[in-house]
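I am opening my notebook on a structure that is new to me.

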Amino acid sequence: MAPKRPRGAGAFPKPVESSAPKPPDPAELYAALDLGTNSCRMLIAQPKGSQFHVVDSFSKSVQLGAGLESTGKLSRASMGRTVQALRICQQKLKRHKVKRMRLVATEACRRASNAQEFIKKVHRETGLRLEIIEPEEEARLAVISCAPLVSTKTEQLLVVDIGGGSTELVWIDLCSVPRRDRPRAIMRLHQGFHPQNTPFPAAKVVDWISVPLGVATLRDQFHDVDDDAARFALMSWFFEENLSEFSPYAEEQCKEGFQIVGTSGTVTTVAASHLGLKRYDRTKVDGLRMTSEQIDKVIRGYLNLGPTGRRRDPRIGQDRHALIMSGSAILQALLRCWPTDRLSVADRGLREGLLYAQMSADGVLEDAPY
């Protein structure tokens with residue numbers, strides 16, 4: 001006996017509504033652009049709870065500061081590359097109809113004698129208005145971007161942002177802040193390193209410094225040294241000499257209760273190498289903790305590879321191999337001064353800080369008395 005045909009068999013199925021997400025409301029969007037000495041990076045995001053959700057992004061090596069060390073000016077070629085990248089950013093901002101944004105430039109534009117000419121050129125050719133920010137604001141924004149990575153056990157915190165043209169260090173004392181409030185106390189520094197009349201427990205900024213040496217500028221200082229190992233040693237010691245005015249430099253730091261948070265392409269590349277990643281994975285790198293010994297092992301591995309080996313190493317990548325040793329020299333100098341069992345790797349920085357600061361000022365982040 002043939003089985004009965006189920007009722008409705010052969011009928012056309014009911015149409016299923018598309019699961020494609022709705023485009024975000026432009027009124028909720030914020031943008032942050034960071035034009036550094038080496039890279040142009042942008043994020044477009046919308047608030048989500050106490051964090052934000054990235055809607056679109058852009059990142060490109062433009063080498064804006066190429067030749068700046070010797071000429072004191074931004075070259076025509078580097079300005080041309082940068083304007084091309086900024087045109088793409090402008091198209092993304094226009095497509096998403098973003099109204100709230102901060103577009104900032106840092107060390108290369110601070111130092112270049114023709115920076116204002118470049119800023120006008122950018123506005124003329126792209127419509128974007130770049131703002132050159134001071135080192136203190138750059139340091140402050142890097143610090144607040146790292147707030148989610150601060151341990152509640154941390155009493156002394158050093159935040160390090162290794163850029164292309166400069167390196168910012170901020171030392172923060174959290175002893176007087178209740179443990180559960182320590183990450184929030186860091187976030188509240190968007191109001192300034194020494195906020196007045198705050199009802200909340202305050203993070204104390206002991207000292208901060210902007211060293212005018214980053215991965216590109218430090219490399220350029222020693223480009224004439226042929227020996228790979230000698231060049232690395234000279235870069236590391238030269239960077240340490242520039243820390244002498246940083247007040248915590250001479251103080252021996254106990255590892256207990258001490259945390260370094262490092263934000264830069266150098267730190268994330270070292271972390272990826274430590275993990276043996278053939279393809280970069282932000283979810284595995286951001287928030288990773290490394291010891292001084294683990295970092296030193298990776299750096300010694302870079303030296304053993306030599307320039308040719310580093311160029312071929314997929315963990316380092318094509319965009320990073322020329323700068324990884326100057327960045328590693330900075331990192332080694334820092335760990336020589338302050339060895340730690342807790343260097344937290346931050347795949348975040350100025351862009352995230354700009355977004356947090358804008359959203360905090362507008363009060364659109366939940367559960368965040370910033």
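Val160 lies in strand β6, residues 156-162 (strands are DSSP runs of E with at least two residues, helices runs of H or I with at least four, numbered from the N terminus). Setting aside neighbours within four places in sequence, I listed its contacts as Thr167, Glu168, Leu169, Ile260, Val261, Gly262, Thr263 and Leu334, where contact means heavy atoms within 4.5 Å. I also looked up Ala346, which is 186 residues from Val160 along the chain, with 9.8 Å between their C-alpha atoms.

Next I turned to Leu234, which sits in helix α8, residues 228-241. Is Leu234 buried or partly exposed? I found it partly exposed, because its relative accessible area is 41%. Not counting residues up to four places away in sequence, Leu234 touches Phe222 and Val225; from Phe222 it is 12 residues away in sequence and 7.8 Å away in space, C-alpha to C-alpha.

For helix α5, residues 135-145, I found 10 of the 11 residues buried, so this helix is largely enclosed by the rest of the structure. Among the buried residues of α5 I noted Glu137, Glu138 and Arg140, as well as Leu141 and Val143.

I then stepped back to the protein chain, which has 13 helices and 11 strands, and in which buried residues make up 52% of the 370 residues. Among its contacts between residues at least 6 apart in sequence, 74% join residues at least 24 apart.

Last, I checked confidence: the mean pLDDT of the protein chain is 88, and 91% of its residues reach 70 or more (pLDDT is the predictor's confidence in each residue, from 0 to 100). Over residues 8-18, however, the pLDDT is below 50, and beyond near neighbours in sequence this stretch has one contact in the model. Where pLDDT is low, the predicted coordinates should not be read in detail.

Methods
Residues are numbered from 1 along each chain as its sequence is written. This is a predicted model: local features need pLDDT of at least 70, side-chain atom pairs count only at pLDDT 80 or more; totals for chains, interfaces and linings use all residues. Side-chain values use heavy atoms; hydrogens and water are left out. Buried means under 20% relative accessible area, exposed over 50%, partly exposed in between (1.4 Å probe, protein chains only).
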